[in-house]
Amino acid sequence: MRVRRFTSRFVLGLILGSSLALTPVADAQDTTTPIRDGIPTPEQYISTVGGDSHLVAPGEFKLDGRQQYCGQRPTVIDNKLDDYGAAYPGFLIMNPKLLDRVSTPVKQWIYAHECGHQFRGPDEETADCFAVQRGRRQGWLKPEGLEEICTFISPAKGDSMHFSGSYRCEYMRKCYEDPNIR
Ligand SMILES: [Zn+2]
């Protein structure tokens, strides 16, 4: 379920229409502007969730001391997010409170998965593949780390998500081995 929710927030509309890119910068930073097409700006998201949520500039978000990059996309820190991470077109959302519970490779995979949505769209498998191939290329994802990810997405209980988790894991193993970038 947690994995499902990574995408439930991801809206396809603007990837195709890309009107976000056409939005003037001043307008995007004005939190009084109505949210367009259900996709908030980072500032609108922060003003909606409140609490101690805040914005981290592109390239400045760190996981276990390691800087994370997703092009020019900023990261919103939200410890009250009901998941480890999420993505809206244009920015990533990370929940450090939950991320603290998992190992470094799993953390980085979650970030890379959300980044995958930024560049590859809402498909889960494609985002998974993007993440493991990126990890392999950048050197932070070893086979042991991949197994940790598989354990993470495979629920301990034999519920309906188990099949989905195992299936995704199979696909990620294939992607990891594949020298061609998907
Ligand atoms: Zn996802």
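How many bridges join strand E4 to strand E6? Three do, and the two strands run parallel. The legends below start from that pair.

**View 1. Model and confidence.** This is a predicted model: local features need pLDDT of at least 70, side-chain atom pairs count only at pLDDT 80 or more, and totals for chains, interfaces and linings use all residues. Residues are numbered from 1 along each chain as its sequence is written. The chain has a mean pLDDT (the predictor's confidence in each residue, from 0 to 100) of 83, and 77% of its residues reach 70 or more. Residues 1-29 have pLDDT below 50; this stretch makes 43 contacts in the model beyond near neighbours in sequence. Contact here means C-beta atoms, placed from the backbone, within 7 Å. Where pLDDT is low, predicted coordinates should not be read in detail.

**View 2. The open sheet.** Four strands are ordered E1-E4-E6-E5, with mixed pairing. Strands (E, at least two residues) and helices (H or I, at least four) are DSSP runs, numbered from the N terminus. Pairing needs at least two DSSP bridges between two strands. E1 (54-56) and E5 (85-88) are the edge strands; each has a single partner, so one side of each lacks a neighbour in the sheet. Neighbouring strands are turned by 25° against each other on average, direction ignored. E4 covers residues 75-77 and E6 residues 91-94. Ile77 stands opposite Met94 in E6.

**View 3. Helix H6 on the sheet.** H6 (residues 104-120) lies across E5 and E6 and runs at about 15° to E5. Axes are lines fitted to C-alpha atoms, for helices over the stretch in contact; angles run from 0 to 180 degrees between N-to-C directions.

**View 4. H6 against H7.** H6 packs on H7 (residues 124-138) at about 120°, with axes 7 Å apart. That makes the pair oblique (angles under 35 degrees count as roughly parallel, over 145 as roughly antiparallel, 65 to 115 as roughly perpendicular, the rest as oblique). Contact residues include Trp109 and Phe119 of H6, and Phe130 and Arg134 of H7. By class, the contact has six nonpolar, six polar and three charged residues. Nonpolar means Ala, Val, Leu, Ile, Met, Phe, Trp, Tyr, Cys and Pro; charged means Asp, Glu, Lys and Arg; the others, Gly among them, are polar.

**View 5. H6 against H8.** The axes of H6 and H8 (residues 143-153) come within 8 Å and cross at roughly 70°. H6 is therefore roughly perpendicular to H8. Pro105, Val106 and Trp109 of H6 meet Gly145, Glu148, Ile149 and Phe152 of H8.

Definitions and conventions. Two residues are in contact if their C-beta atoms, placed from the backbone, lie within 7 Å.
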